[in-house]
Amino acid sequence: MRLTEIDYDDSKPIDGYGPGFFRIGGEVIEGAVTLAPTGLRSWGGFEDLDAVLALAGRIDVLFVGTGAEIAHAPRAFRERLEAEGIGVEAMATPAACRTYNVLLSEGRRVAVALLPV
């Protein structure tokens with residue numbers, strides 16, 4: 001079997017997560033975050049539209065980690081982002097972390113907004 005090392009360019013992968021925190025690019029971050037090729041920011045949850053609207057034109061899809069369990073993103077949140085051309089996919093935070101890393105390694109224009117588990 002041949003293994004190929006993953007290259008994330010200048011973007012940071014999600015290394016891990018736990019109760020109330022994320023490990024991103026080797027750094028432990030407490031609380032909810034957004035992560036995109038443009039950088040890492042704290043996130044105030046679904047009411048904090050500014051953090052994700054700033055990504056318009058830079059990403060195609062935003063994966064929303066809803067915590068330990070899958071939940072729907074609020075309609076107003078989803079509709080506002082979609083109006084700006086950002087696709088929204090809600091899933092449990094562990095799945096959002098894995099999906100982000102895979103698509104980031106493929107060079108896709110993706111970002112995540114993560115609520116802690």
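**Sheet, helices and aromatic cluster of the predicted model**

A search of the whole structure finds 3 aromatic pairs, the rings of Phe, Tyr and Trp (its six-membered ring) being paired if their centres lie within 6.5 Å, with planes under 30 degrees apart counted as stacked, over 60 as edge-to-face and the rest as tilted. The structure is a predicted model, in which local features need pLDDT of at least 70 and side-chain atom pairs count only at pLDDT 80 or more, whereas totals for chains, interfaces and linings use all residues. Residues are numbered from 1 along each chain as its sequence is written, and side-chain values use heavy atoms, with hydrogens and water left out.

One of the aromatic pairs joins Trp43 to Phe46 in an edge-to-face arrangement, with 5.6 Å from centre to centre and 80° between the planes. Trp43 counts as buried because its relative accessibility is 5%, where buried means under 20% relative accessible area, exposed over 50% and partly exposed in between (1.4 Å probe, protein chains only). Phe46, with a relative accessible area of 18%, is likewise buried. Phe46 also forms an edge-to-face pair with Phe77, at 5.1 Å centre to centre and 80° between the planes. This pair links distant parts of the chain, since Phe46 lies in the loop between strand 5 and helix 1 (49-53) while Phe77 belongs to helix 2, 31 residues apart. Helices (H or I, at least four residues) and strands (E, at least two) are DSSP runs, numbered from the N terminus. Both Phe46 and Phe77 are buried, and ring pairs link Trp43, Phe46 and Phe77 into a cluster.

The strands include an open sheet of 5 members in the order 5-4-8-6-7, with mixed pairing; two strands are taken to pair if DSSP finds at least two bridges between them. Strand 5 (39-42) and strand 7 (87-91) each have a single partner strand and stand at the edges, so one side of each is left without a neighbour in the sheet. Neighbouring strands of this sheet are turned by 15° against each other on average, direction ignored; axes are lines fitted to C-alpha atoms, for helices over the stretch in contact, and angles run from 0 to 180 degrees between N-to-C directions. Strands of a sheet pair through backbone hydrogen bonds, either parallel or antiparallel.

Strand 6 (residues 61-66) runs parallel to strand 7, to which 5 bridges join it, and Phe63 has Glu89 of strand 7 as its bridge partner. Helix 2 (residues 75-83) packs on the sheet, where it touches strand 6 and strand 7, and its direction makes about 145° with that of strand 7; contact means heavy atoms within 4.5 Å. Strand 6 is also joined to strand 8 by 6 bridges, again in the parallel sense, with Val110 in strand 8 as the bridge partner of Val61. Strand 8 is mostly covered, as 5 of its 6 residues are buried.

A separate pairing involves strand 2 (residues 21-24) and strand 3 (residues 27-30), which are antiparallel over 4 bridges. In this pairing, Glu27 of strand 3 is the bridge partner of Ile24. The two strands, strand 2 and strand 3, form a hairpin with 2 residues between them, and Gly25 in the turn has a positive phi of about 55°.

Helix 3 (residues 93-105) lies across strand 4 (33-36), strand 6, strand 7 and strand 8 (110-115), running at about 160° to strand 8. Its 13 residues reach 18 Å from the first C-alpha to the last, close to the 18 Å expected at 1.5 Å a residue, the expected span being 1.5 Å times one less than the number of residues. Buried residues of helix 3 include Pro94, Ala96, Cys97 and Tyr100, and its buried residues pack against strand 1 (14-18), strand 2, strand 4, strand 6, strand 7 and strand 8. Helix 3 is followed by Gly107, whose phi is positive, near 80°.

Thr93, found in helix 3, counts as buried at 0% relative accessibility. The side chain of Thr93 reaches the backbone oxygen of Gly65 at 3.3 Å; a polar contact is a pair of N or O atoms within 3.5 Å, of which, within protein, one must be able to donate a hydrogen and the other to accept it, residues adjacent in sequence counting only if both atoms are side-chain atoms. Residues up to four places away in sequence not being counted, Thr93 touches several residues, among them Phe22, Thr66, Leu114 and Val117. Asn101, which also lies in helix 3, is buried with a relative accessible area of 14%, and its side chain reaches the backbone oxygen of Ile14 at 2.8 Å.
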